[in-house]
Amino acid sequence: MECVVRGSALLHTGIALRLDGILEEKRLSHAVSAVFRRHELLNTGFRADGETLTLGPAAHHELRVLHRPDLWAGQAGHLAEVRRAAAAAHAEIFPLTGEPLARADLTLLGDDSAVLLLTFHRLVMDLFSLHQVVTDLQEAYLRGPAEPPAPADRYSEVLASREHRRSGDWEFWRTELSDFPTPWIGERRPEPGWLPDGAELRVPLAPDLTGLVRANARAARCTPTVFVTAAAARRVLERSGAADLVLATMSANRMNSDAVGPLAQAVLVRVGPAAPYGDQGVLAQVRRGLREGMAHQGVEFEEIVDLLTDGMGVARDDLAPLSVSVTGDSWQSSVAGLAFSPFDLDDDQGEGPDEGVAGPVVRPSQLDLELNLSATQPQLVLTYDRRCFGEEWCERFAADLLADLATGRG
C-alpha cells in the first residue's frame, strides 16, 4: 500500500497537542525520546527496497523545535497559520531509509503556548496505541529525566501469543458465524452502478446523558461500550426485521498489555433470536460476544472477513452493517504545571461542507455510530449511506437510541 500511495500522507496518523503553562523544553524533549525508546516498534528502523521492507535497530530523531514568536494561538488569523504549518509537518513523508516511523515537532508560539505534533506511519500505530503514547508522554514529563519509564510489552511477543492460540480461535469463529444471514438494514437497495454517497448526522448530547449512560451501564453490570452497542443493535434488529445481526465494535486487543503497534481491530458480535447460544436478550449476547471475541483474536479481522466472504458466500457489504464505538476525554490532563489538550488541525468552524464537496465514503448499507461521552463536547455522530437510509430514518433512529440510553433500556 505504501508503494501505491508513496508521496502522500494517506498512511500517516498522529495527534497535535496544545501545551499551556510553564514548558520545560529540555524536559519535554527527554520525555518524547524516552517514550519512543520504550516501545519496540517506535524504536525500529524501516528500510524499503522496492516492495521489500527490512527492519532493524535505529537511532531516534530528536524533537524538532520551531520558534514562531510572531504567532499567537488565541488570534484567529494566527491560528489558521499554526494549523497550516502543523498540517504541513504532518504530511512530510517518511523516507523509509532505515529510520523509525515516528517523529515529534514542537512549535513555540509568541503567547507562551506551544503545539506538539506527534506523527506516525500506520505500520507502527493505531488509535489505541496513540492513546498509550500520549499517556506515556504525560507520565514521562511528570517524572522527569531522573526516572526512566518501565519497559513496555514487546509488540513481537503480543503477535507471537496471538499466533500460539490461532487454531483454537479459527474454530471459534467458524462456529460463531456459521449460517450467518445477510440482512439489509436500510430502507432500499441501491441501483446497479451505485456509488457510495456518505453523510453525517451530528446530535449534541444533553449535559446529563454521559452520567446517565455510565450509571445505566453500571446497573446493567456492563461497560458503557457494551450498553451502547446493545441499545443500537436492538434498534437495528427491530427496524430491519433481521433474524440476527453481525455488528462490529472496536477492541484494543491487548487486554493488560501496554504494547504499541497496529493491534486494534473490530470485534464481530452476533446478536438476535437466531444467534448461537440461544435467545437470552441482546444485552447478554453483546456482553458475551465482546468478551469471547476479544479472547479469540488469534485470527486477524480481515481473515475472518475472508472466512465469511469466501467460505460462506457472504457479501462483504453485508458483513457488520452496524459499527459502534464509544469515546471520551482521554487526552486532556495537566502534569507538572503543563496542560495537555487536543489541538485540531482542521478548521471546522464553518457552517457545513461546501457545495460539490463529497461527503464521507461509506460501504453500501453501512451505519457507523460514534458516541462521544467527552465532558467538553458530547455528541452522537452517525455516518451513513444516504441512498439506503435517508436523513429522516437516521434522525428517528438517533432519537430512539438516545431515549433508550437515557432511560436504561440497553
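Helices here are DSSP runs of H or I with at least four residues, and strands are runs of E with at least two, both numbered from the N terminus. The model is predicted, so local features need pLDDT of at least 70 and side-chain atom pairs count only at pLDDT 80 or more, while totals for chains, interfaces and linings use all residues. Residues are numbered from 1 along each chain as its sequence is written, and side-chain values use heavy atoms, with hydrogens and water left out.

Helix 6 itself spans residues 209–219, and its buried residues are Leu209, Thr210, Val213, Asn216 and Ala217. Those residues sit on the same side of helix 6, because they cover an arc of only 135 degrees around the axis. The arc is taken from the directions that run from the helix axis to the C-beta atoms. As for the wording, buried means under 20% relative accessible area, exposed means over 50%, and partly exposed is what falls in between (1.4 Å probe, protein chains only). On the face turned away from the buried side, helix 6 carries the exposed residues Arg218 and Ala219. Helix 7 (224–240) and helix 10 (391–407) are among the parts that cover the buried residues of helix 6, where contact means heavy atoms within 4.5 Å.

Cys222 has a relative accessible area of 14%, so it is buried. Cys394 is in no disulfide, and the nearest cysteine sulfur, that of Cys388, is 10 Å away. With 0% relative accessibility, Cys394 counts as buried. Taking a disulfide as a pair of cysteine sulfur atoms within 2.5 Å, the count comes to zero.

Salt bridges are another matter: the structure holds 27 of them, each being a side-chain nitrogen of Lys or Arg within 4 Å of a carboxyl oxygen of Asp or Glu. In one of them, the side chains of Glu40 and Arg154 meet at 2.9 Å, N to O. Glu40 lies in the loop between helix 1 (25–38) and strand 2 (44–49), and Arg154 in the loop between helix 3 (127–143) and helix 4 (155–164), so this pair ties together parts that are 114 residues apart in sequence. Glu40 is partly exposed at 21% relative accessible area, and Arg154 is partly exposed at 41%.

Another salt bridge brings together the side chains of Arg68 and Glu81 (3.8 Å, N to O). This pair links distant parts of the chain, with Arg68 in strand 4 (residues 64–68) and Glu81 in helix 2 (residues 76–91), 13 residues apart. Glu81, partly exposed with a relative accessible area of 23%, also forms a salt bridge with Arg84, where the closest N and O atoms are 3.0 Å apart. Both Glu81 and Arg84 lie in helix 2, three residues apart, or about one turn of the helix. Arg84 is partly exposed too, with a relative accessible area of 49%. Elsewhere, salt bridges that share partners join Arg234, Arg235, Glu238, Arg239, Asp400 and Asp404 into one network.

Finally, the surface. Leu53, Leu55 and Leu123 make a nonpolar patch of about 240 Å². Leu53 belongs to strand 3 (residues 52–57) and counts as partly exposed at 37% relative accessibility. Patches are built from residues with over 30% relative accessible area and no salt bridge, joining like charges within 9 Å and nonpolar side chains (Val, Leu, Ile, Met, Phe, Trp, Tyr) within 5 Å. The accessible areas come from the Shrake-Rupley method with a 1.4 Å probe, and for residues only the protein chains shown count as cover.
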